[in-house]
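Subject: Structure for you to look at

Hi,

Here is the structure I promised. Please open it alongside these notes.

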Amino acid sequence: MYFYYIMPDEFTVTPWEVKGKVDYDKLIIQFGTQKITEELKHKIKNLTGGELHVMLRRNIFFSHRDLDLVIEDYEKGKGFFLYTGRAPSLGMHIGHLIPFIFTKWLQDKFKVNVYIEVTDDEKFLRNQEYTLDQTRSWAYDNILDIIAVGFDPDRTFIFQDTEYIRNMYPIAIKIAKKLTFSEIRATFGLETSSNIGIIFYPALQIAPTMFEKKRCLIPAGIDQDPYWRLQRDIAESLGYYKAAQIHSKFLPPLTGPEGKMSSSNPETAIYLSDDPKTVEKKIMKYAFSGGQPTIELHRKYGGNPEIDVAFQWLYYFFEEDDNKIKKIEEDYRSGKMLTGELKQILIEKLNDFLEEHRRKREEAKKLLHVFKYDGKLASEMWQKVHE
Ligand code: TYM
């Protein structure tokens, strides 16, 4: 019954698992989404002061639904809003930041509201061993990392499901009434033995797409797509827009180009809390190399940046300068640059990034209340009951 999103023997993409080497062009066909064309990028560039975020320029955000309509609404003055989220865990890794960094850029450029759902309920329900106290404390911790990305405090509302549920409940039950157990079971691979909380949960991930009577644009990894397909089936019957999305690829794990970086496998990930020595050790020891086994062979045949994880991470966003990344690619491919040298570039970039992130994370502690309760948008949201 996983017919929507499993391609046997090749790769698997579900909200809980990414396995194998993902063929993103195939995924566009399988999921029925649209490729982000050069024409669409050009349109966005015209609206953002001639600037395109590195993740758009390099097709890390590669697929969409109705992004063209969002742009049209914006041009007509109807506006739109942004929505993204996070299921809290003990420590975020750098892959988790991708949608947040990009969402912040969109907010800066289009000056729109951002809603960030932190699903302490989802995490609790999905794992028998986790307590609600744990998932709530991870929510606190992860929210600091999210605030550190730099969202606009007047236009951003970060909420935890177990706290904001009262305001969402009316719309959530309207959504729930439109979805059958068999649809949810087929879409998410649930069983009749699944707990009833997780069966209801999709209504809560869909609810924020209906926080405003404008088009909602969701920047997220493409693994979250099954929720949006359900949303699009029912939104109009409830008087809302079908949610638009912009999907990203997955930052590959340290250990190789297959799958995605995952919290459950610590040697595959760099955590936002990893100190400089740990970063260096992990990259040197685990980062999968596209280089040759000996220096002589490497000088002769060169490295393969397509499978080299250090290169891929630089390409995803750690080396934003297009000329520099091109030079690194050429030098690595020709054998002029060795694997160790490439890894060293990444280690420096990563450690600079993490140091700055942690500085902002400290400052975030003072802003927590603004984003969750007292800020301009946050206080408006606590006054609203979503119907
Ligand atoms: P979660 O916590 O698994 O993931 C949070 C976001 O991070 C993306 N992501 C990645 N992106 C790039 N590379 C990776 N290696 C990587 N790993 C994770 C995910 O695609 C996601 O965008 N159910 C959701 C929480 C949620 C949500 C939302 C997410 C609630 N509402 C709205 C997106 C939009 C979850 O478990 O996310």
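My notes cover a helix pair, the ligand and one lysine.

The model is predicted: local features need pLDDT of at least 70, side-chain atom pairs count only at pLDDT 80 or more, and totals for chains, interfaces and linings use all residues. Residues are numbered from 1 along each chain as its sequence is written, and side-chain values use heavy atoms, without hydrogens and water.

Helix pair. Helix 8 (residues 161-178) packs against helix 10 (residues 196-206) at about 100 degrees, with the axes 8 Å apart. The two are therefore roughly perpendicular (65 to 115 degrees). Helices are DSSP runs of H or I, at least four residues; strands are runs of E, at least two. Axes are fitted to C-alpha atoms over the stretch in contact, and angles run from 0 to 180 degrees between N-to-C directions. Residues in contact (heavy atoms within 4.5 Å) include M168 and Y169 in helix 8, and F200 and L204 in helix 10.

Ligand. There are 26 residues around the ligand (a heavy atom within 4 Å). Y83, R86, A87, D223 and L251 come nearest. A ligand oxygen is 2.6 Å from a side-chain N or O atom of D223. A ligand nitrogen is 2.8 Å from a side-chain N or O atom of Y83.

Lysine. K249 sits in the loop between strand 10 (244-248) and helix 12 (276-286). K249 touches Y24, N59, I60, F62 and Y316, leaving out residues up to four places away in sequence. Its side chain reaches the backbone oxygen of N59 at 3.2 Å.

Best wishes

Definitions and conventions:
Parallel < 35°, antiparallel > 145°, perpendicular 65-115°, else oblique. Polar contact = N/O pair within 3.5 Å; in protein donor to acceptor, adjacent residues only side chain to side chain.
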